[in-house]
Amino acid sequence: MSELKITTLSEFLHQSGAKYRVFDMGRRVTKMNADEFVNFEWAKKPYPLPFQRKASFGVIFWHPEAPEKHYVWFLTFPLDEQGLLIQTARDEFLMMLLERVGECMLAAADGKQIEGALKDSPYTFTPREDKMAAFNAQSTHSLGLNPSQFYPEAHAYFTGRKPMDSWQTLGMQGVADVAVRLDNSSETIDLVRTLPKVPEEPFNVLSTFLENAQPSIGLVEVLAQRLDVHLQEKKPNIPMICACLRAASNSPAQGLVDQMVAHVLKHKISQNIEVLATISGRLWRSLKLPHLCQLYVEQLALNNSGSAYAAFSQLLADLMYMPDLREPVMRALRDPNRSQHLNRFIGKMFGK
């Protein structure tokens, strides 16, 4: 055993000689930079994307001398009221880890020992199928590895090289790979041309994975157009509206995304609880804008859930737990021009 005291998972991996990447697995599957992760482990900064008051992430690691052998752990840790890591949980996890594999985990290169090291740990979890597909797509792309065997067919479909009614044969992993591999401008142009014609079911699947990617401005423009078409319908299609919002949510074209959120919040459809949950769960960046946050909170007070106040308090609490959102939400709640609907819920929240 080394005399060096290991305090965090990143230290453990470094001491083992491993290279690693970390991906958030909560609200969306997205790569975390090393500084974010280290600051989180040391409880210096809140977890950037908390979900259900937990930090959930995947760690893929390998030894530089055997880069073809990748190992993956999916971990989840409780957060305190400020979104910081609860350090007793971290310490308990590390103690278990060191007991089971030692500090020189990768020296023996025992794949079974490494994979099974955290079996039955309360800090591990198994992602659902779509999250696993997104993780595989993100991690292989990040490491410069080839996409799955399902990629060519999905790529051909979404770039208009296959009939639009042939989507039933597409593999979920292939769609996930397409979403994160739109690096080539000609491929993006092909998808922009094809997207308005894609049927509802494959469009929904693609949107699930685009929310983990960073769609270009051209793609967001098409999504905004498709959203507006649905908003103008006599009976708007809620799943498709949510799909358009999700697909655009992580785009760097933030101004366009904000416009999409504004269009929805000014429409009566925004009182639908599924739409409201999509905005708070995927498009929280837009709610940092005071006028959009005010609109959102007002519509949340009018939500059509069977238990309107419970839905109001749950989504509001989730928003206020996100970094940088507590202040905009509190400002909206204090607005002197707030509606009577909102006033009643605020009174109930604070016991008045």
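Analyst: Let us begin with a term: a cavity is a set of grid points where a 1.4 Å probe fits but cannot get out. Please keep in mind that this model is predicted.

User: What volume does the largest cavity have?

Analyst: The general idea is that rolling a probe the size of a water molecule over the atoms shows where empty space is left. In this structure the count comes to one cavity of 30 Å³ or more, and the largest cavity has a volume of about 60 Å³.

User: What volume does the largest pocket have, and which residues lie nearest its centre?

Analyst: A pocket, unlike a cavity, is an open set of points. Here the largest pocket has a volume of about 440 Å³ and is lined by 19 residues, of which Thr30, Glu36, Pro48, Leu49 and Trp284 lie nearest its centre. Strand S2 (30-32) and H2 each supply at least two residues of that lining, which by class has seven nonpolar, three polar and nine charged residues.

User: Now to the helices: at what angle do the axes of H7 and H9 cross?

Analyst: Two packed helices are described by the angle between their axes and the distance between the axes. For helix H7 (residues 172-180) and helix H9 (residues 200-210), the axes come within 8 Å and cross at roughly 55°, and H7 and H9 are therefore oblique to each other. The crossing of H7 and H9 is right-handed.

User: Which residues of H7 and H9 meet?

Analyst: On the H7 side they are Met172, Val175, Ala176 and Ala179, which meet Val205, Leu206, Phe209 and Leu210 in H9. By class, this contact has eight nonpolar, no polar and no charged residues.

User: At what angle do the axes of H6 and H8 cross?

Analyst: The axes of helix H6 (residues 151-158) and helix H8 (residues 185-194) cross at roughly 60° and come within 8 Å, which makes H6 oblique to H8. Tyr151, His155, Tyr157 and Phe158 of H6 make the contact with Glu187, Asp190, Leu191 and Thr194 of H8, and by class the contact of H6 with H8 has four nonpolar, two polar and two charged residues.

Note on methods
Residues are numbered from 1 along each chain as its sequence is written. This is a predicted model: local features need pLDDT of at least 70, side-chain atom pairs count only at pLDDT 80 or more; totals for chains, interfaces and linings use all residues. Side-chain values use heavy atoms; hydrogens and water are left out. On a 1 Å grid over the protein atoms alone, a cavity is a set of points where a 1.4 Å probe fits but cannot get out, and a pocket is an open set with protein on both sides within 12 Å along at least five of seven lines; lining residues have an atom within 4 Å of a point. Grid points are joined across faces, edges and corners, and a volume is the space filled by probe spheres set on the points. Axes are lines fitted to C-alpha atoms, for helices over the stretch in contact, and angles run from 0 to 180 degrees between N-to-C directions. Helices (H or I, at least four residues) and strands (E, at least two) are DSSP runs, numbered from the N terminus. Angles under 35 degrees count as roughly parallel, over 145 as roughly antiparallel, 65 to 115 as roughly perpendicular and the rest as oblique. A crossing is left-handed if the near helix is turned anticlockwise from the far one by less than a right angle, and right-handed if clockwise. Contact means heavy atoms within 4.5 Å. Ala, Val, Leu, Ile, Met, Phe, Trp, Tyr, Cys and Pro count as nonpolar, Asp, Glu, Lys and Arg as charged, and the others, Gly among them, as polar.
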